[in-house]
Amino acid sequence: PPNGGNGTDYKGWAEDARDTVDRPVTTAALEAYVYIHYYGVGSPMLVVTAAGSGISRKPGAAVITATEQARDAQADLIVTIGGGSITDGAKAVQLCLANNVTTSDGIDAIRTRGGVSPEMNSPAVRQISVPTTIAGGEFSSIAGVTNEVKRQKEMLRHPLVMPRATILDPDLSVHTPDWLFLSTGIRAVDHCVEGICSREAH
């Protein structure tokens with residue numbers, strides 16, 4: 001299951017979850033997950049999940065890898081299924097695609113400085129978020145990406161990186177480990193405190 005839960009039968013997880021959901025968009029997202037990851041068939045939709053995505057901690061190199069996968073697939077939509085790191089990582093992918101960023105160092109050109117975003121192209125490939133935690137990143141227009149050289153999380157911001165749609169389905173969160181689900185709730189509180197106390201725009 002996404003979010004690092006126990007078990008390795010991801011195909012079975014996706015099929016079981018799909019069978020419990022009667023909302024068409026959610027079902028389509030889960031079917032795409034099975035279709036792409038287990039049948040190896042290309043699709044204009046790129047589905048990013050915590051399972052095997054490599055961006056669970058959002059290092060720049062993993063964001064670039066996901067960006068290249070989106071380019072190779074000629075994706076016209078990104079669907080994310082998982083926690084806040086996956087959501088944020090896909091926001092960064094949107095900006096990397098739009099601004100032809102191909103290296104981790106290239107992300108530096110589109111990051112905010114002093115709370116101000118540089119001029120950049122707006123994302124054309126948008127995102128649908130299917131969160132399985134309560135981190136809340138699907139409702140913001142910022143993304144944090146880890147600079148592996150500096151060992152710092154750096155901010156990217158653009159009003160259009162906020163997911164075009166968010167599907168809140170409690171059936172999907174039952175697969176999230178309790179410790180992770182609760183910790184993301186505390187993280188949401190942390191974000192609120194940071195927004196109040198930070199000297200930079202947030």
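Are Arg111 and Glu154 buried or exposed? Both residues are buried, where buried means under 20% relative accessible area, exposed over 50% and partly exposed in between (1.4 Å probe, protein chains only).

The model is predicted, so local features need pLDDT of at least 70 and side-chain atom pairs count only at pLDDT 80 or more, whereas totals for chains, interfaces and linings use all residues. Residues are numbered from 1 along each chain as its sequence is written, and side-chain values use heavy atoms, with hydrogens and water left out.

**Stop 1: the salt-bridge network**

Select Asp108, Arg111, Arg113, Lys150 and Glu154, which are linked in a network of salt bridges. A salt bridge here is a side-chain nitrogen of Lys or Arg within 4 Å of a carboxyl oxygen of Asp or Glu. The whole structure contains six salt bridges.

Begin with Arg111 and Glu154, whose closest N and O atoms are 3.7 Å apart. This pair joins distant parts of the chain, 43 residues apart: Arg111 belongs to the loop between H4 and strand S3 (126–131), and Glu154 to strand S5 (residues 152–157). Helices (H or I, at least four residues) and strands (E, at least two) are DSSP runs, numbered from the N terminus.

Next, display Asp108, which meets Arg111 in a salt bridge with an N to O distance of 2.6 Å. Arg111 has 15% relative accessibility and therefore counts as buried; Asp108, at 26%, counts as partly exposed.

Then turn to Lys150, whose side chain meets that of Glu154 in a salt bridge of 3.5 Å, N to O. The relative accessible area of Lys150 is 42%, so this residue is partly exposed. For Glu154 the value is 12%, which means that it is buried.

**Stop 2: the crossing of H3 and H4**

Select helix H3 (residues 60–73) together with helix H4 (residues 84–98). Their axes come within 9 Å and cross at roughly 60 degrees. Axes are lines fitted to C-alpha atoms, for helices over the stretch in contact, and angles run from 0 to 180 degrees between N-to-C directions. The two helices are therefore oblique to each other, since angles under 35 degrees count as roughly parallel, over 145 as roughly antiparallel, 65 to 115 as roughly perpendicular and the rest as oblique.

To see the contact, show Val63, Ile64, Ala66, Thr67, Ala70 and Arg71 on H3, and Gly89, Ala92, Val93, Cys96 and Leu97 on H4. Contact means heavy atoms within 4.5 Å. Coloured by class, these residues comprise eight nonpolar, two polar and one charged. Ala, Val, Leu, Ile, Met, Phe, Trp, Tyr, Cys and Pro count as nonpolar, Asp, Glu, Lys and Arg as charged, and the others, Gly among them, as polar.

**Stop 3: Ser129**

Move to Ser129 in strand S3. Its relative accessible area is 0%, so Ser129 is buried. Leaving aside neighbours within four places in sequence, Ser129 is in contact with Thr80, Thr87, Glu138, Pro163, Ala165, Thr166 and Ile167.

**Stop 4: two positive phi angles**

Most residues other than glycine have a negative phi. Select Gln74, where phi is near 50 degrees, a positive value in a residue other than glycine. Gln74 occupies the loop between H3 and strand S2 (77–82) and, at 66% relative accessibility, counts as exposed.

Finish at Asn100, another residue other than glycine with a positive phi, here near 55 degrees. Asn100 lies in the loop between H4 and S3, and its 58% relative accessibility counts as exposed.
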